[in-house]
Amino acid sequence: MNLLESARFALSGVAANKMRSVLTTLGILIGIAAVIVLLAVGAGTSNAIRAQIGKLGTNVLTVNRSTAVGGRAGAGAQPGASRTRSTNLTIEDEQALTDPVLAPDIARTAPIVQAQGVTGTYSNATHAVASFLGTSSSYFDISDSTVASGALFTDADTQAANPVAVIGNTVAADLFGNNTGSAVGQTIQLNGQNFTVAGVLSIKGSSGQNDPDDVVVVPLSAAQNKFTGYSPTLASITVQAKSAEVMNQAQNELQMILDARHHVDASNRDYQIRNQAQILTTATTTTQTLTTLLGAVAAISLLVGGIGVMNIMLVTVTERTREIGIRKAIGASRGSIVAQFLIESLIISVIGGVVGIVIGFAGSAFPILGVQPEVQAWTVWVSLAVSAFIGLVFGVYPANKAAKLRPIDALRYE
């Protein structure tokens, strides 16, 4: 008996017990669908994190002040006690980082000053600004910020301390309504100080609890003039490396320059550096671990489905003992019996796998817990291969059991 004939017998066996076959495929179907959906959720989460980090700009290093550093506070201090430095980040620090000789891998920098508790007012509308920044025009290039309406302020605005502001979409919507473009050219009050809206930033979208669109950006000199005073102290310095490949080199150059200027070393630095590439790597590693755990949970349901296939195939062999005896009595080989039941198990598993893939795709079309799943092509092919593998593995024992039956014993079976 050839393979085609074994396949015909297998198909007839599946069709003979339609409800049983359908219920058996459910275990594989649910497992495959779960694998695809959960892996898609993991991929979607990873992409969402990448996108949110990307909204902060590309190849970005952020330098912040840090007052608590290691070491001894002085004579009589306890060993290991920490001491506090009052060194600040300054405009001179920011300018030093643009040295093409000492920092060849740094493309541009932007000084940042911040004011807290700033409220924007226009006509009868008010808005509490989440993030108020005073900076230079290079900040927009570093943070990958563009305008939806109007224009960005320029270096000339900074030099002249012009009271102009570039506002985020959230601020514009609260003060001017849905037509955010109408904000351009209008005068708003920021804590009672008049500023002309030069432009409205393009929407970046919410980032968890933080809203990157709830921002007002003004020239550094205007912020110092009206809010923070002309202090040389900066809240932070934003630095952009020339490419993603030289992020670590740019950080090393930055540390070398600031260490020399602040007379510190790695053990007592009075500043901290946030490396966007390191944040992305950490976040990616975390989501990969999460995806692996989700895949493992789904794989357990596949294992249960495979056990269900084996159980039903054993029942099938028992029910068809006389049929097996008759076929072996008229010359069916052991190989043909094995092939018949293996094919039957394979058909059940593959059908469950294909339907599970379809359901997995359908389930991934909708957001899950705020994440838009993204089905990866490799998960489809792997799922199909796994379903076939389960059919073969869990069908081997029932098939061998059927093939080992002696014709005389099978014919006498009641």
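**Core packing, aromatic pairs and a surface patch**

Biologist: Leaving aside its neighbours within four places in sequence, with which residues is Val216 in contact?

Modeller: Val216 is in contact with Val129, Ser131, Phe132, Leu133, Ala165, Val166, Ile167, Val171 and Leu190, contact being defined as heavy atoms within 4.5 Å. The model is predicted, so local features require pLDDT of at least 70 and side-chain atom pairs pLDDT 80 or more, whereas totals for chains, interfaces and linings use all residues. Residues are numbered from 1 along each chain as its sequence is written, and side-chain values use heavy atoms, without hydrogens or water.

Biologist: What makes a set of residues a nonpolar core, and which members of the largest one touch the most others?

Modeller: The members must be buried Ala, Val, Leu, Ile, Met, Phe, Trp, Tyr or Cys residues, joined through side-chain atoms within 4.5 Å. Buried means under 20% relative accessible area, exposed over 50%, and partly exposed in between (1.4 Å probe, protein chains only). The largest core has 43 residues, of which Phe132, Ile167, Val216 and Leu254 touch the most other members. Its largest share, five residues, comes from helix H8 (residues 247-262); helices (H or I, at least four residues) and strands (E, at least two) are DSSP runs numbered from the N terminus. Apart from this core lies another of 21 residues, among them Ile36, Ala298, Val338 and Ala402.

Biologist: Why is the pair of Tyr122 and Phe176 called tilted?

Modeller: Rings of Phe, Tyr and Trp (its six-membered ring) pair if their centres lie within 6.5 Å; planes under 30 degrees apart are stacked, over 60 edge-to-face, and the rest tilted. That rule gives five aromatic pairs. For Tyr122 and Phe176 the centres are 4.3 Å apart and the planes stand at 35°, so the pair is tilted. Tyr122, in strand E6 (residues 119-122), and Phe176, in helix H6 (residues 169-176), are 54 residues apart in the chain.

Biologist: How do you know whether Tyr122 counts as buried or partly exposed?

Modeller: Its relative accessibility is 24%, so Tyr122 counts as partly exposed. Phe176, at 14%, counts as buried.

Biologist: What describes the aromatic pair of Tyr139 and Phe140?

Modeller: This pair is edge-to-face, with 5.8 Å between centres and 75° between planes. Tyr139 is buried at 16% relative accessible area, and Phe140 is buried at 1%. Phe132, Phe195 and Phe227 form one aromatic cluster.
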